[in-house]
Amino acid sequence: MTAQPSIARALPFWMSLIFVPMITISGIYGGWTIALIPAYAWIVMTLLDYVAGLEISNIDPQTDESELTWYKAITLIWLPVQLAVIFGTIMLVSWTDHLSLTEKIFLMMSVGVISGGIGINYAHELIHQKNRLEQALGEWLLISTCYGHFRSEHILVHHRYVGTPRDPVTARYDEGFYGFFFRVLFGQLTSAWEVEVERLGRKGKPWYHRDNPFYRYIGGSTLFAALAYLIGGWAAVGFFLIQSFIAMMQLELVNYVEHYGLTRRHLGEGKYEHVHPRHSWNAAHKMTNFLLINLQRHSDHHYKPDRRFPLLQNYDHTEAPQLPYGYPLMTLSAMAPPIWRRIMNRRVETWRARHYPDIEDWTPYNEATNPLPR
């Protein structure tokens, strides 16, 4: 079923703005109010998903871009919103004394939930666009969380090698989140560096050429850290880094969920089958898709990466593996590996049996026994 875009249909995707008054309340009153954002992000959103159910209707993917203005606008305005949230909160914790140190740390962790859960997600949408302004906005959203290299890795590595040993951010079957997180923190950075050096090399340029985007990634994050220092010294730099670390964790929790245990067929000689909807976990939970601008329709994003978020299509269980719950509850369970495995390992095994019934031994798909040639 298809539906026509409209302003009324676009406005629910603006619900992320609720985090701005929430962080303001948390910063002013402290105490239990600091739990507002994590409680809303994980508990309230899960309850809203349960009440609202699934959204399986699709907007016509051929819809003209001129009809998507109100959808795009929320991503276009988010950079100034995010900078105001990050540095406004840093000013609050640096220039006032009504919060304890513990409250200040947890407040900055809440900021990281916003900059990671919303900001990096919007950056993900923006860096996929052809418009240079949108690309720049997305890149600076990433830089504000010290994760600028995600742009290089995601566009040039992840989308090409998802579901293969070459992709650092495809979670392996039975791999726990914490091992995955620390593996990816370094693996994604080195992978991004290598692909950019290789890209420069093809143009006859050395790694230190000014076209290396790592100058922007590192320089921009250093600039933001310097701004934090001017606001409140080294303590403020520490607060900036706390929100950055939590933002990184938010992103990698989602990365972990999106492809856990899913593998493309190995064709031999380092070659793999094309990417299909079955290589990403899909979720049609309505309210979380509003909050995360259809990120849960990840199967279609990998199948058609150039589609803007309102045009992403939903797939049913015959075409793509389905998550039993939306991202809030799934990422929460990922932080408890035994619970995660109990929920997901059986589903991975069912997916394998359905799409690859001829494969009995999956060990050749393990990075340790069959690394993909670079």
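Axes are lines fitted to C-alpha atoms, for helices over the stretch in contact, and the angles between their N-to-C directions run from 0 to 180 degrees. Helices themselves are DSSP runs (H or I, at least four residues), numbered from the N terminus. The structure described here is a predicted model, in which local features need pLDDT of at least 70 and side-chain atom pairs count only at pLDDT 80 or more, while totals for chains, interfaces and linings use all residues. Residues are numbered from 1 along each chain as its sequence is written, and side-chain values use heavy atoms, with hydrogens and water left out.

Helix packing comes first. Two packed helices are described by the angle between their axes and the distance between the axes. For α4 (69-76) and α6 (residues 101-127), the axes come within 9 Å and cross at roughly 120°. That angle makes α4 oblique to α6; on this scale, angles under 35 degrees count as roughly parallel, over 145 as roughly antiparallel, 65 to 115 as roughly perpendicular and the rest as oblique. The crossing of α4 and α6 is left-handed, a word used if the near helix is turned anticlockwise from the far one by less than a right angle. On the α4 side the contact (heavy atoms within 4.5 Å) involves Ile74, Thr75 and Leu76, and on the α6 side Tyr122, Glu125 and Leu126. Sorted by class, these are four nonpolar, one polar and one charged residues. Here Ala, Val, Leu, Ile, Met, Phe, Trp, Tyr, Cys and Pro count as nonpolar, Asp, Glu, Lys and Arg as charged, and the others, Gly among them, as polar.

Helix α6 also packs against α7 (residues 132-143), with axes that come within 8 Å and cross at roughly 150°. The two helices are therefore roughly antiparallel to each other, and their crossing is left-handed. From α6, the residues Gly119, Ile120, Tyr122, Ala123, Leu126 and Ile127 take part, and they meet Glu134, Gln135, Leu137, Gly138, Glu139, Leu141 and Leu142 of α7. This contact divides into eight nonpolar, three polar and two charged residues.

Buried residues (under 20% relative accessible area, with exposed over 50% and partly exposed in between, for a 1.4 Å probe and protein chains only) in α7 are Glu134, Gln135, Leu137, Gly138, Glu139, Leu141, Leu142 and Ile143. Their cover includes α4, α5 (78-95), α6, α8 (150-161) and α10 (214-259). One of these residues, Glu139, has a relative accessible area of 3% and is therefore buried. Neighbours within four places in sequence aside, Glu139 is in contact with Ile127, Arg151, Arg216 and Tyr217.

Val257, in helix α10, counts as buried because its relative accessibility is 0%. Leaving out neighbours within four places in sequence, Val257 is in contact with Trp281, Leu323, Tyr327, Met330, Thr331 and Trp340. Val257 and Leu223 are 34 residues apart in sequence and 32 Å apart in space, C-alpha to C-alpha. Ala52, by contrast, lies in helix α3 (residues 36-52) and is partly exposed, with a relative accessible area of 29%. Ala52 and Met287 are 235 residues apart along the chain, while their C-alpha atoms are separated by 6.8 Å. Ala52 touches Lys286 and Met287, not counting residues up to four places away in sequence.

Finally, two loop residues have a positive phi. Asp174, in the loop between α8 and α9 (177-202), has phi near 75°, a positive value in a residue other than glycine; at 38% relative accessibility, Asp174 counts as partly exposed. Asn294, in the loop between α11 (286-291) and α12 (298-303), has phi near 65° and is buried, with a relative accessible area of 6%.
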